[in-house]
Structures are given as C-alpha cells and as structure tokens.
2 protein chains.
Amino acid sequence: MKVPAHARAHKRQELSVLTGRLRGQSRKITGPRQAILEVLRRHPHPMTNREIFAVMPKGRCDLATIYRAMHLLEEMGMVKRFDFGDGAARFELVGEGDDGHHHHLICTRCAGVVEIDECFLREIESRIAARNGFKAVTHKLEFFGICPACQR
Amino acid sequence: MKVPAHARAHKRQELSVLTGRLRGQSRKITGPRQAILEVLRRHPHPMTNREIFAVMPKGRCDLATIYRAMHLLEEMGMVKRFDFGDGAARFELVGEGDDGHHHHLICTRCAGVVEIDECFLREIESRIAARNGFKAVTHKLEFFGICPACQR
DNA sequence: AAACAACTGCAATTGGTTTGCAATTGAGCG
DNA sequence: CGCTCAATTGCAAACCAATTGCAGTTGTTT
C-alpha cells in the first residue's frame, strides 16, 4: 500500500528497518553506516555530507566514508539527492515504497527549509516527454524565497 | 545532437546592442568581453565557462576572466545562470526586456538540450509563497530524460 | 595625451567530492 | 568460536569548478 506523501516528515523509520534494507541487499551493516542512518532519521530536511559529519559523534566515521555511503544509499534508493544550488549535495532519507520525489521551499537568507510534499508536474512532465519524444523523463524543482522570520 | 529550433534562438541580438548595454552601465567594453558575448550569441543553449573558453579563439581571454565576466553579466541581467546538476554552472544570453526565466529538457545520455519556453509554475509559485508566508519566491526547474536519438 | 579606475592574466587558493591503497571488519562457514 | 575473504574504512593525495590577490594592462574620461 502506498504511503501518503504528506506522511513523509512524520514517519521516522526504525533503525532496524533501515539496516534490514542493507542486509537485504547483502551489504554490510557497519558502524559508520549505522551512525549515518541514525543521523538521517533524526533530521527531517536534506543534509549535506558535511552537516552529517558535524552532527555525528566525533570519530565515528570519516567524511570520505559518508560520501561513499551516500552513493551506496542513493543507488539503493534509500536516500534521495537534492540540489539547492549552493554547490553542496543534500540527502534525505526515503520511506519504504516511496520514491522520495518531492520539492522544497528554501529561504535564501537563513537557509531554512520547508518540505513541499505535493508535486504539480506529473502531467506536465509527460506532456513534455511526449512532445519531444523523450523517455524516462523526470524533473528537479526547488523554490526559493524569503521566509517570514527573515522578512523583518 | 540535433534539436528543433525555437523562438528564443531566433532573437539573436546584435553585438553592438550587447556592448551598448555594457556601455549604458558604464562598464568597459574590452576584448575579452566582446569575445565572450560573441560566443554566447552564437549558441542557443546554456554553456559552461569551460565550454565558452574552449570555443573561443585561443588566447583571446583567460578562464578566470570568463568567470568574472559571467558574474558581471549575471548581475546586469544580461545572462541567466542555469544548473543542470552536474556541478558546472551554465549561462545563456537574455534578450532585452526579458527576465530569461525558462526551463530545459536535458538528455542524460548525450547531454543534448531542448529549450522549454513556457513556465507552468507562476501560479503555483504564488500559492506556495502565500501558504508559507514567503516573499520574493522564485524557482529552479529542469527536466531530464532520454532523447529520441539516444533511445536506440 | 595624461590619469585613473576598471579590467586582465597568472598563479595560488578554496571547497566539495573522488580515489588509491593499506589496514580493518562484518558475515558466512566450518 | 575462530577462520577466511571480500567489503569497507581511514587517511592522504588528487580532482575539478570556482574564487581571489596582485601586479601589470587597457578603456574611458578629461
């Protein structure tokens, strides 16, 4: 059954479920990976690798290991990569059975993030695909503006 | 790769018009800047600084100068910055009186680009702004897929 | 033509990300 | 439980887009 998109931020997956997904793909459940998943499941918004590294108990994991883990998790579909245009990739945990596709509204002053759970472009996307003969069309979309707190 | 012509590419501005815009803002019309504008006006799709550099007659301009020029031109509103998610910024000339806002459909195999001249999100954008109390909301949107030629 | 600020080339630097390699460790197996 | 091996990790070096300091050059103004 499909999980409603708006449940994303509220549904925090158990660590055991997450590691189970690793095991299911015959990947090792290592200390660093558990630490990374632990961090991600506590954070509702996309994080840069450096942020993950900074938040993690010191010495649990090397920064390079985080980069490698994020590649793995992305390939497995466990995290989704987002690009806020500031040169650093951000990652967010994806719920089981979800493809993680959604968007964000980002404050350009304080970098605060609002999750936008709907996607308005599914239909437009297929129209564009058809019109141009493209297949497997996806899109990246983020909104930018100034949040209420930063307007004063 | 081959792409259909579109309205935007036909509005190729005269070099004299472009330099005139520089002059109007009391910026210097230098050799490197003319060379850069010359390259941009011949190319209908966004280019990376490195691509501009590669296409330019050798020795006409340093790569660092291109970076600086693109910042200037962007501030002046003469070029628009686009991000295709591959780590390199791309730039496209903006017509006079235009804000340059539009989107692209990018082939993930051959990197070919189709210009999408409409924008479907103006209304959704203001709805999102209102709902979250944000001001000055904009968005970045690009489509990705596999072009007809690359499907075989 | 002189004068000055804007601009450029070059080299060094930054910041995010990747990679080579030797050492470590998780998972299956006896 | 300990053994074995491939997967994984830490560390340092490398990479790449982008930025910057500085000294020399050039466009524009007077």
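**Exercise 1.** Which residue of β6(B) does A:His139 stand opposite?

*Solution.* The model is predicted; local features need pLDDT of at least 70, side-chain atom pairs count only at pLDDT 80 or more, and totals for chains, interfaces and linings use all residues. Residues are numbered from 1 along each chain as its sequence is written, with chains lettered from A and ligands numbered from 1 in the order in which they are written.

Step 1. Find the strands: β6(A) and strand β6 (residues 135-146) of chain B pair in the antiparallel sense over 9 bridges. Strands (E, at least two residues) and helices (H or I, at least four) are DSSP runs, numbered from the N terminus; two strands pair if DSSP finds at least two bridges between them.

Step 2. Read across from A:His139: the residue opposite is B:Phe143.

**Exercise 2.** Describe the side of chain A that touches chain B.

*Solution.* Step 1. Count the residues: 28 of chain A are in contact with 28 of chain B, contact being C-beta atoms, placed from the backbone, within 7 Å.

Step 1. Assign them to elements. β5 (113-116), α5 (122-132) and β6 (135-146) of chain A each give at least two residues, and the largest share, 12 residues, comes from β6(A).

Step 2. Sort them by type: 16 are nonpolar, 7 polar and 5 charged. Here Ala, Val, Leu, Ile, Met, Phe, Trp, Tyr, Cys and Pro count as nonpolar, Asp, Glu, Lys and Arg as charged, and the others, Gly among them, as polar.

**Exercise 3.** Determine how the two chains are related.

**Exercise 4.** Identify the surroundings of each DNA strand.

*Solution.* Step 1. For DNA strand D, 25 residues lie around it, the closest being A:Thr30, A:Asp62, A:Thr65, B:Ala64 and B:Ala89. A residue counts as near if its C-beta atom, placed from the backbone, lies within 6 Å. The largest share, 4 residues, comes from α4(A).

Step 1. For DNA strand C, 24 residues lie around it, and A:Ala64, A:Ala89, B:Lys28, B:Asp62 and B:Thr65 come nearest. Here the largest share, 4 residues, comes from α5(B).

Methods. Contact = placed C-beta atoms within 7 Å.
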